[in-house]
Amino acid sequence: MADSYEREVIFDDGISEIVRIKWPPCSKSEPHDHGVSVGLIKVIGGLVFERIYDRTRRDFTIQNIYVAGDTFSEWKDTIHIMGNFSNTEWAETYHIYTPPLQMRKYKLEELCN
Ligand SMILES: [Fe+2]
């Protein structure tokens, strides 16, 4: 499964990074961590979901839904999937990472029972 969103780096000075992501209907990321980066995400439009990996249960058990105006954080040890919850409308998010994101992507079989 490949990522199916449009990612645009708006700013990167080597210390921090600002990224805009446009999410087509039903698109989602691959499971990923955030390396040594911490991030703050703001939803600009649409319905965005986040499925968070539970290390104890070895599965994605926590799901959050965000709407325009919501903000949430990504921590160094967060493994999650993000995507557009709508099957008709686009979604858009802005992400600030410091240091600039160097994520690791996972295959589901690496994470889940
Ligand atoms: Fe992420």
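Colleague: Where is lysine 107 found?

Modeller: Lysine 107 is in the loop between β8 and α1 (108-111). Helices (H or I, at least four residues) and strands (E, at least two) are DSSP runs, numbered from the N terminus. This is a predicted model, where local features need pLDDT of at least 70, side-chain atom pairs count only at pLDDT 80 or more, and totals for chains, interfaces and linings use all residues. Residues are numbered from 1 along each chain as its sequence is written.

Colleague: Buried or exposed, that lysine 107?

Modeller: Lysine 107 counts as exposed because it has 10 C-beta neighbours inside 10 Å. With C-beta atoms placed from the backbone, a residue is buried if 20 or more other C-beta atoms lie within 10 Å of its own, exposed if 12 or fewer, and partly exposed in between.

Colleague: And what separates the C-alpha atoms of lysine 107 and glutamate 8?

Modeller: A distance of 24 Å, for two residues 99 apart along the chain.

Colleague: Which residue in that β8-α1 loop is a proline?

Modeller: Proline 99 is in that loop. The peptide bond joining threonine 98 to proline 99 is cis, with omega about -15°.

Colleague: Switching to the sheet, what is the strand order?

Modeller: The order is β1-β2-β8-β3-β6, an open sheet of five strands with antiparallel pairing. Two strands pair if DSSP finds at least two bridges between them.

Colleague: Which strands stand at the edges?

Modeller: β1 (6-12) and β6 (71-74) do; each has a single partner strand, so one side of each lacks a neighbour in the sheet.

Colleague: How many bridges join β2 to β8?

Modeller: Seven, between residues 17-23 of β2 and residues 91-98 of β8, running antiparallel. Lysine 22, for instance, has glutamate 92 in β8 as its bridge partner.

Colleague: What makes up the largest nonpolar core?

Modeller: Seven residues: Ile21, Trp23, Val43, Val48, Tyr66, Met82 and Ala91. A nonpolar core here is a set of buried Ala, Val, Leu, Ile, Met, Phe, Trp, Tyr and Cys residues joined through C-beta atoms within 7 Å.

Colleague: What about the backbone of cysteine 26?

Modeller: Cysteine 26 is not a glycine, yet its phi is positive, about 65°. Cysteine 26 lies in the loop between β2 and β3 (38-45), and it counts as exposed because it has 12 C-beta neighbours inside 10 Å.

Colleague: And where is arginine 58 found?

Modeller: In the loop between β4 (48-54) and β5 (59-66). Arginine 58 also has a positive phi, near 55°.
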